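This briefing is intended to be read beside the sequence and the three-dimensional view.

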Amino acid sequence: MDFVKKDWQFRDVISESELNRMEDGIEEGITKAEQAQDDLAAHTAATTGVHGATSAATPNTLVQRDANGRIQVAAPSVSSDAVNKNYVDSIVGTPAVNANTLVRRDAAGRAKFAAPAASDDAARKAEVDAAMAAASTAVNAGYNEDPNTTQKAYIVTNHANSPIENVFWHIRTFFYSSTTGNRAQIAIRYSNANQMYIRYYFDGLWSAWTEVITSERAFFNTDLVLPNGKGLYVRDTNGNVQVVGAINDSNIVLLGDADVPTYIRGTDVRINGNTAWHSGNDGAGSGLDADLLDGIQAERFIYGDNARGSVLYSSGDLNDITKSGFYHTSNSVLNQPPGISSGFCLHIQHPSNNVHAIQIFQGGIGNNAQLYVRRKSDTGWGDWGKLWTEFNDGAGSGLDADMLDGIQAERFIYGDNARGTVHYAGDLNNITKSGFYYAFSGHSNGPSGANGFLIHHQMSVDNNFAAQTFIDYNNDRFYFRRKVDGEWQGWKKIWNESNDGPGSGLDADTVDGQHASAFWKKSEIPYETGTWTPELTFGNSSSGITYSNRKGRYTRIRNVVYWTMEMQLTSKGTATGTARISGLPFIPLSNAPDVILPVGYATRITLPSGGAWVSAQIFWNSAALVLFASGNVSTNASITNEHFADNSGLKIQGFYFIPD
């Protein structure tokens with residue numbers, strides 16, 4: 001409205017029209033205030049067009065996000081300008097062959113490069129494939145060149161410097177730091193024989209070729225020289241090693257093994273040019289001195305009148321025998337021991353006369369068997385003297401029972417009882433006689449204070465040196481000590497399987513100096529075994545599928561799970577789609593290689609065209625198997641519900657890796 005009057009005075013009269021005009025002004029002001037309030041509320045709630053704001057790259061306007069939360073900006077020109085996607089993409093790079101740009105992989109993880117020019121440029125697949133093809137062609141073709149100077153890792157050659165000239169050889173060279181420095185070679189014959197040679201090049205010189213012995217080339221083309229004390233051995237049919245030949249420390253050549261028969265084969269066996277007689281060439285006309293042995297006449301040997309080597313002396317007088325030998329007597333023979341009617345007589349005659357001799361006679365039966373001896377001298381035969389045995393000694397026998405071969409009893413080790421052990425309750429330091437002792441209650445200077453079994457070893461010439469061993473009565477503790485210059489040393493414990501281990505003092509809690517903490521303990525290796533239930537689905541649905549049998553087992557050892565499963569359907573149900581078996585007991589390792597394994601048993605399952613067998617692939621991170629056909633089929637030859645029957649069956653086993 002217009003303000004008609006603005007100079008009102010205190011005494012001015014307000015007319016009706018003035019009042020109406022004022023009322024109209026107040027009303028107009030209230031109306032405009034309400035409109036301003038509405039405009040302010042609309043401005044506050046507005047999401048577009050506020051003060052001309054826009055998401056487009058329009059100069060001199062406010063920036064407002066669009067419905068997707070994005071804004072657009074022009075390409076930057078100075079370092080502090082905001083950047084747009086085009087600019088960022090140009091900086092991030094591209095998988096294409098663009099010069100002076102960063103490299104960015106494409107959706108398949110690949111990036112392209114220009115053909116390399118310098119030796120340190122990145123090689124493309126084309127260059128790598130070409131190099132591999134060239135290497136393959138080179139190896140297959142080989143090189144016919146001098147093995148002494150070749151700088152190639154592999155050649156085929158019949159060069160004069162080969163193991164055998166004019167014979168082709170596969171030769172592999174192993175270089176050290178350069179192709180002309182120290183190196184070694186292996187040569188394998190090209191054909192007609194399994195033959196191998198080796199040699200080396202060192203300090204500018206090649207060694208001679210040396211043949212490697214094989215089952216086909218089991219011979220040497222040079223002398224085989226074994227060190228003194230070493231021999232040539234073969235393995236018998238039982239796998240035992242037997243000596244073929246050896247030379248001992250006395251330079252005596254030994255043929256054959258002492259434990260097995262040794263045969264020399266050949267029609268003419270000679271030793272130093274002299275014929276060796278054997279069962280194949282002795283007999284009449286053989287030239288053997290058959291009536292001599294080492295030039296000794298047969299009469300000088302002791303022999304019998306039968307194959308048993310004894311003489312049956314059925315009559316006569318034992319006094320008349322003058323030839324050494326073994327005689328079996330009968331009851332009619334004279335001068336046998338008194339009370340003996342027959343027996344066995346050993347006669348030993350003096351080598352130079354018939355005056356001196358001895359006879360040993362055994363007669364009697366069973367425990368009554370008696371042994372006698374007598375001697376012949378200038379005065380003739382003496383009386384028979386009885387020899388004592390366990391059957392005829394004892395009280396009144398006349399034996400010198402306090403001596404054995406003239407040795408006094410004190411020189412023998414004996415006990416104070418029939419068991420040969422001495423009961424001892426004194427000081428073990430005071431024992432001076434070798435023997436076996438049982439140290440019981442009251443003894444002193446033992447190793448443990450317990451009763452036990454003591455063996456004392458006394459030096460033969462004085463009491464200042466000795467040794468003792470001690471075993472506790474009621475456990476397996478074993479001790480020993482020595483006496484030196486009259487002083488007993490401390491007891492030393494001997495460890496065994498019953499008293500070793502941590503705290504024993506043995507290095508038994510280490511292996512080659514390594515503590516147990518450096519090794520895996522069986523209890524620390526995660527181990528678990530159990531069962532799991534395989535579930536077949538088609539298109540991730542098990543609708544209507546029923547079984548007559550389904551089960552699975554697994555064993556987990558650390559991060560490897562070994563599993564097996566089997567199932568037999570009674571209905572394949574109504575689900576459709578790719579066949580999948582879920583329920584594996586652990587989630588597989590996400591970054592492990594794919595595990596594809598053949599199904600060992602699949603019955604009444606048809607295969608897609610070209611399929612030869614059923615395979616299963618483990619789905620990482622899902623603990624499931626997907627079935628597909630292998631053979632002459634495409635890579636996605638999945639097995640679906642259409643390939644199953646209501647009575648199909650599966651048996652599968654395998655393993656996979658899981659996180660530690």
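Helices here are DSSP runs of H or I with at least four residues, and they are numbered from the N terminus. The model is a predicted one. Its protein chain has 3 helices and 41 strands, and 25% of the 660 residues count as buried.

**Overall make-up**

- The accessible surface of the protein chain comes to about 44,700 Å², of which carbon and sulfur atoms supply 52%.
- When contacts between residues at least 6 apart in sequence are considered, 32% of them join residues at least 24 apart.

- The structure holds 5 salt bridges. In general, side chains of opposite charge can pair when their charged atoms come close.
- Glu 18 and Arg 21 form a salt bridge through their side chains, with an N to O distance of 2.5 Å. Both residues belong to helix α1 (residues 16-45), where they stand 3 residues apart, about one turn of the helix. Arg 21 and Glu 18 are both buried.
- Glu 28 and Lys 32 form another salt bridge, with 3.1 Å between the closest N and O atoms. These two residues are 4 apart in helix α1, so about one helical turn separates them.
- Lys 32 counts as exposed because its relative accessibility is 53%, and the cut-off for exposed is over 50%. Glu 28 has a relative accessibility of 27% and therefore counts as partly exposed.

**Surroundings of Trp 8**

- Trp 8 is placed in the segment before α1. Its relative accessible area is 28%, so Trp 8 is partly exposed.
- Apart from neighbours within four places in sequence, Trp 8 is in contact with Val 13, Ile 14, Glu 18, Arg 21 and Met 22. Glu 18 and Arg 21 are also the partners in the 2.5 Å salt bridge.

- Arg 558 and Asp 660 meet through their side chains in a salt bridge of 3.8 Å, N to O. Arg 558 lies in the loop between β34 (545-557) and β35 (560-572), while Asp 660 lies in the segment after β41 (644-657), so the pair ties together parts that are 102 residues apart in sequence.
- Arg 558 counts as partly exposed because its relative accessibility is 35%. Asp 660, at 66% relative accessibility, counts as exposed.

**The largest nonpolar core**

- The largest nonpolar core has 33 residues, among which Trp 563 and Phe 644 touch the most other members. At least two residues of this core come from each of β33 (535-538), β34, β35, β36 (579-582), β39 (611-619), β40 (624-631) and β41. Strand β35 gives the largest share, 5 residues.
- In soluble globular proteins, nonpolar side chains tend to be buried together.
- Beyond neighbours within four places in sequence, the contacts of Trp 563 include Trp 532, Tyr 554, Leu 584, Leu 597, Ile 618, Leu 625, Ile 652 and Phe 655. Arg 553, Gln 653 and Gly 654 are also among them.

**A nonpolar surface patch**

- Tyr 527, Ile 557, Tyr 562, Phe 655 and Phe 657 form a nonpolar patch on the surface, and together they have about 510 Å² of accessible area.
- With a relative accessible area of 57%, Tyr 527 is exposed.
- Phe 655, a member of the patch, is also one of the contacts of Trp 563.

Technical notes. Residues numbered from 1 in each chain as written. Predicted model: local features only at pLDDT ≥ 70, side-chain atom pairs only at ≥ 80, totals over all residues. Heavy atoms only, no water. Salt bridge = Lys/Arg side-chain N within 4 Å of Asp/Glu carboxyl O. Buried < 20%, exposed > 50% of the residue type's maximum accessible area, 1.4 Å probe, protein only. Core = buried A, V, L, I, M, F, W, Y, C linked by side-chain atoms within 4.5 Å. Contact = heavy atoms within 4.5 Å. Patch = residues over 30% accessible without salt bridge, like charges linked within 9 Å, V, L, I, M, F, W, Y side chains within 5 Å. Areas by Shrake-Rupley, 256 points an atom, 1.4 Å probe, with all protein chains shown as cover.
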